[in-house]
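Here is a short briefing on one protein model. It starts with a covalent link and moves on to strands and cores.

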Amino acid sequence: MISFVRRHLNYANVAVTAALVFAMSGGAFALGGGTNAAKNTGTSTSATHGGPVATAAKKSKAKSKSTRGPAGPRGKQGPAGPEGKVGATGPQGSEGKVGATGPQGSEGKEGKEGKQGEPGLTGYTKYLPAGETETGYFMLHESNTAAGKHVISAISFNIPLELEEGVYIPAVTIAVGGAPTSECPGTVQEPTAEEGYLCLYESKAANLGGEGYVKAEVFATKQTLAATATGTELWVLSEAEGEVWSSGTWAVTAP
């Protein structure tokens, strides 16, 4: 028994036991001062009521008897945080199925009638209309001919003129470098003719007799510088032996 007490006897056990005895005695004496000191002053020391040992005992006793209180009220919601960074774009999804065809809408109201358009040009006409012009290219060439020989070619109108039989239109030739006339005010590059005239604009000429003009003749009647409803024959006369050449553009305007 004594050995058991000695094994468990230490400073802490002694201190706690002394504190309990002091507390039950009502503070009759103080540590280090004795009973008389307590009686003479009529007050208790810090060791009797407020010392470390008593405080530790009270805290131990209070702790053993404490219970968890009820939960407090829910706090207010805090402010929203800053917006986060935009995430990376995800992969493209697969194409959706084609939706069903919707019902056919009602027919709209008929619109107002538009203005009548200008008459268009036809791709074919029997005769060249009065005042209209058609153009083309002509050439007479002989590489080796005798002097004073005729070289003949022809001009055909793509669209014939509306002329009565035996009626001809005059033809005017503008020689190389020649000035335009009132009947033929155009050029080789832009041939034109006044109404009721055939105009020939010569661009090249060599070894031509007379004045060097291209002469338009109607073979059947031998009328010089004239054209029928469908065209004309061109005659030139060589001035000397050798090459003969005459070429250019033409224009005719229907009367």
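The torsion about the S-S bond of Cys184 and Cys199 is about -85 degrees, so this disulfide is left-handed. Cys184 sits in the loop between β3 and β4, while Cys199 belongs to strand β4, so the pair ties together parts that are 15 residues apart in sequence. The model is predicted.

**Disulfide**
- The structure holds 1 disulfide.
- Its S to S distance, from Cys184 to Cys199, is 1.9 Å.
- Cys184 and Cys199 are both buried.

**Strand pairing around β4**
- On one side of the pairing list, β4 (residues 198-206) runs parallel to β3 (residues 169-174), over 4 bridges.
- Ile174 has Tyr201 in β4 as its bridge partner.
- β4 also pairs with β9 (residues 242-253), in the antiparallel sense and over 8 bridges.
- Within β9, Ser247 stands opposite Lys204.

**Nonpolar cores**
- The largest nonpolar core has 21 residues.
- Phe157, Leu161, Leu198, Leu200 and Trp250 have the most contacts inside this core.
- Two or more residues each come from β1 (133-145), β2 (150-156), β3, β4, β8 (231-237) and β9.
- β9 gives the most to this core, with 3 residues.
- Leu161 touches Tyr127, Leu128, Ile169, Thr228, Ala229, Val252 and Ala254, leaving aside residues up to four places away in sequence.
- A second, separate core has 7 residues. Both disulfide cysteines, Cys184 and Cys199, are among them, as are Ile174 and Ala251.

Note on methods
Residues numbered from 1 in each chain as written. Predicted model: local features only at pLDDT ≥ 70, side-chain atom pairs only at ≥ 80, totals over all residues. Heavy atoms only, no water. Pairing = 2+ DSSP bridges. Disulfide = S-S within 2.5 Å. Buried < 20%, exposed > 50% of the residue type's maximum accessible area, 1.4 Å probe, protein only. Core = buried A, V, L, I, M, F, W, Y, C linked by side-chain atoms within 4.5 Å. Contact = heavy atoms within 4.5 Å.
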